[in-house]
Amino acid sequence: MIQEKSFAAPSGWLVLLALIAALAAAVTLFIVDVASDQQLSLVGLAYILAVPVIGFLFAGLFIVNPNQARVLLLFGRYVGTARHPGLRWANPLYALSGRRAVSLRVRNFETARSNVNDTEGNLIEIAAVVVWKVVDTAEAAFEVDDYVHYVNVQSESAVRNLATRYPYDAHEEAQTSLRGNTEEIAAQLQTEIQGRLHKAGVEVLEARITHLAYAPEIASAMLQRQQAGAIIAARSRIVDGAVSMVQMALDSLSNRNIVELDEERKAAMVSNLLVVLCGDKATQPVVNTGTLHQ
């Protein structure tokens, strides 16, 4: 793999002033020589030939913008990367071989909404946003054909692959799901995308799911499933609480010697209390004006 090498390009301002002065001097001396001899001498011809040489040296000037780098080549060979912003100068032959500009700014990319089956086979829609930047200009320029397109394709592939490893919603308390464990899923997504983009000289700063939903084809059925699960969970908690309350009532009656109940009366009391506590509608009380056993 081609690794980035730093290229210390000198400031172009001094070179620019020197070239302008040399060009002005060559033109002035040429005019003086022609005016004095009334003909073109060898010295005057030398001044004329110096003009294209100076123009060739002008081609070595280039600008590096903030948060930008210039990858320098010499006849197909990687020379180095100039990162210092400002007007710079380098070998003019680098301009003939190519000076590629690579942006170092932080970018973000949002993947398209993809239909994919989760680990339980449910069809879901998922999309994510990826925040990234180039950290190795040589790898970005030479290891992949188009690093921006490479980031887009590999990010979408990583999102689809992650969605197939987890369920949309957890049905067990310790189970990891796409909807319930957003921070953990985001960390795993960032790690997977970074592993795919490492060879392109790209660092992934953040990756998060921005859209997650059941596909329209099964959304209605999945909504009923979620409602049924919520009802079952609620009923289970209600039953647990009701049993605890019944146990507390029986223990309190026994400890305070308020009334002695045989097993049959205890069973009737438990039944009545569970009906009152677990029912989803208000119960109608019945007042017993007779004896305890009537």
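## Aromatic pairs

A search of the whole structure, which is a predicted model, finds 4 aromatic pairs, where the rings of Phe, Tyr and Trp (its six-membered ring) pair if their centres lie within 6.5 Å, and planes under 30 degrees apart count as stacked, over 60 as edge-to-face and the rest as tilted. One of these is formed by W132 and Y147, whose ring centres are 6.3 Å apart with planes at 80°, so the pair is edge-to-face. Because W132 lies in strand 8 and Y147 in helix 5, this pair ties together parts that are 15 residues apart in sequence; helices (H or I, at least four residues) and strands (E, at least two) are DSSP runs, numbered from the N terminus. W132 counts as buried at 2% relative accessibility, and Y147 is buried with a relative accessible area of 11%, where buried means under 20% relative accessible area, exposed over 50% and partly exposed in between (1.4 Å probe, protein chains only).

Another pair is that of Y168 and Y214, whose ring centres lie 4.0 Å apart with planes at 35°, so the pair is tilted. It links distant parts of the chain, with Y168 in the loop between helix 5 and helix 6 and Y214 in strand 9, 46 residues apart. Both Y168 and Y214 are buried.

## Helix 6

Helix 6 comprises 16 residues (182–197), which at 1.5 Å a residue should span 22 Å, and its end C-alpha atoms are 22 Å apart, in agreement with that value; the expected span is 1.5 Å times one less than the number of residues. The buried residues of helix 6 are I185, A186, L189, E192, I193 and L197. Seen down the helix axis, these buried residues fall within an arc of 130°, so they line one face of helix 6, the arc being that of the directions from the helix axis to the C-beta atoms.

The cover over the buried residues of helix 6 includes strand 8 (123–134), helix 5 (147–163) and strand 9 (202–214). On the face turned away from the buried side, helix 6 carries the exposed residues E183, T191 and G195.

## The chain as a whole

The secondary structure of the protein chain comes to 8 helices and 9 strands, and buried residues make up 31% of its 294 residues. Among contacts (heavy atoms within 4.5 Å) with a separation of 6 or more, residues 24 or more positions apart account for 68%.

## Basis of the values

Residues are numbered from 1 along each chain as its sequence is written, and side-chain values use heavy atoms, with hydrogens and water left out. In this predicted model, local features need pLDDT of at least 70 and side-chain atom pairs count only at pLDDT 80 or more, whereas totals for chains, interfaces and linings use all residues.
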